[in-house]
Amino acid sequence: MIEGFARVVAEEGGVVWLEPEQTASCGTCMSASACGHNADHGRRLAARRFPLANDHDLAVGERVVIGIAEGELLRASATAYGLPLVTMLGAGITAQFLGAGDGIAAAATLGGLAGGLLLARLRANRLSRQGALTPRFLRRAGFGGCGG
Amino acid sequence: MIHDLILLMVGAALVNNVVLARFLGLCSFMGVTTKVDTAVGMGMATTFVITVSSMGDWAVEKFLLVPFGLGYLRTVTFILVIAGAVQFTEMVIRKVSPALFQTLGIYLPLITTNCAVLGVALLLVAGKYNFIESTVFAFASSLGYSLVMVTFAGLRERIALAEVPPLFAGPPIGFVTASLLALAFMGFSGISAN
């Protein structure tokens, strides 16, 4: 299980909205305020808010530990990135193999990318219906402090 | 043609590995390799962005920078193309599946500041490849990056369970392991000599 921290930012009926805490690949430094990792930080986090059934009486401001199964992350990566890459390269190489010039090969590659994204969408919808790809509540993490 | 593409892929992924032979992308190499699964996620996201941005870089180089003699703007322009590719990827994944975006969105901001992405774009220009060659080169380079990330993450997971002398615990043993991995990858350079 891959774990991460999230904060409860709103509560509506039986549902709480969670905002995941962003971690950086570095330990952050004195130049953090001018670093690309922190650019648009608030907007990015707001965009990644997600709802969760409030089965554990969570309150606004509370920090929780959420988790997602390792297999689900791999399936998500393969769907979002692997599928479009395979169709994109397949279409481009096939076009070039058939004797097409750079322009036609580029058009075929873009067509393959669009087709791959369409397939990814269909597969992601199917996985979502099966309940995969959604982070789950694991335990409370306590108030305040910085996550990571 | 297929033979040439396979040679190009082997050269880009193994012989001239972007992390262990060219020493690019070391920040994410040390930072996101504590678990195999997060390394796979980061590797696939980076592979996608590098491949997509290489197409933009190739077009910008061929139709804008070379014809108008703007080579001195290459680095700035490529950074713009990479930032655009990351933004495009983020938008598309959010549109394709909000659930996927929640799961994978964490890696995307990290890619913008990954120097391996710009490094591969500049290597494409030096190689003077056609469209498909440049796309395959970028794909293979990023595949090499992902391979090293996953291998190193696997090694670190095992080291975490081993008894390491206190002096070497943490980052020092990580750097020692990385240097041994780089030595191992140097063995691939013999392929080009024979």
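Strand β4(A) pairs with strand β5 (residues 136-140) of chain A through four bridges, and the two run antiparallel. Pairing here requires at least two bridges found by DSSP between two strands. Strands are DSSP runs of E with at least two residues, helices are runs of H or I with at least four, and both are numbered from the N terminus. In β5(A), A:Phe137 is the bridge partner of A:Ile66.

This is a predicted model, in which local features need pLDDT of at least 70 and side-chain atom pairs count only at pLDDT 80 or more, while totals for chains, interfaces and linings use all residues. Residues are numbered from 1 along each chain as its sequence is written, chains are lettered from A and ligands numbered from 1 in the order in which they are written, and side-chain values use heavy atoms, with hydrogens and water left out.

Stay with β4(A). Strand β1 (residues 2-12) of chain A also pairs with β4(A), in the antiparallel sense, over six bridges. There, A:Gly4 stands opposite A:Ile66.

How covered is strand β4 (residues 63-68) of chain A? Six of its six residues are buried. Buried means under 20% relative accessible area, exposed means over 50%, and partly exposed lies in between (1.4 Å probe, protein chains only). A:Arg63, A:Val65 and A:Gly67 point one way from the strand. A:Val64, A:Ile66 and A:Ile68 point the other way. Both sets are buried.

Now zoom out to chain A. It has three helices and five strands. From the N terminus on, the order is β-β-α-β-β-α-α-β. Of its 148 residues, 39% count as buried. Take the contacts (heavy atoms within 4.5 Å). Among those between residues at least 6 apart in sequence, 79% join residues at least 24 apart.

Turn to chain B. Helix α1 (residues 2-15) has 14 residues and should span 20 Å at 1.5 Å a residue. The expected span is 1.5 Å times one less than the number of residues. The end C-alpha atoms of α1(B) are 19 Å apart, which agrees. Among its buried residues are B:Leu5, B:Leu8 and B:Val15.

Finish in helix α8 (residues 131-161) of chain B, where B:Ser146 is found. B:Ser146 is buried, with a relative accessible area of 12%. Beyond its neighbours within four places in sequence, B:Ser146 is in contact with B:Gly43, B:Met44 and B:Thr47. Its side chain makes a polar contact with the side chain of B:Thr47 at 3.0 Å. A polar contact is a pair of N or O atoms within 3.5 Å; within protein, one must be able to donate a hydrogen and the other to accept it, and residues adjacent in sequence count only if both atoms are side-chain atoms.
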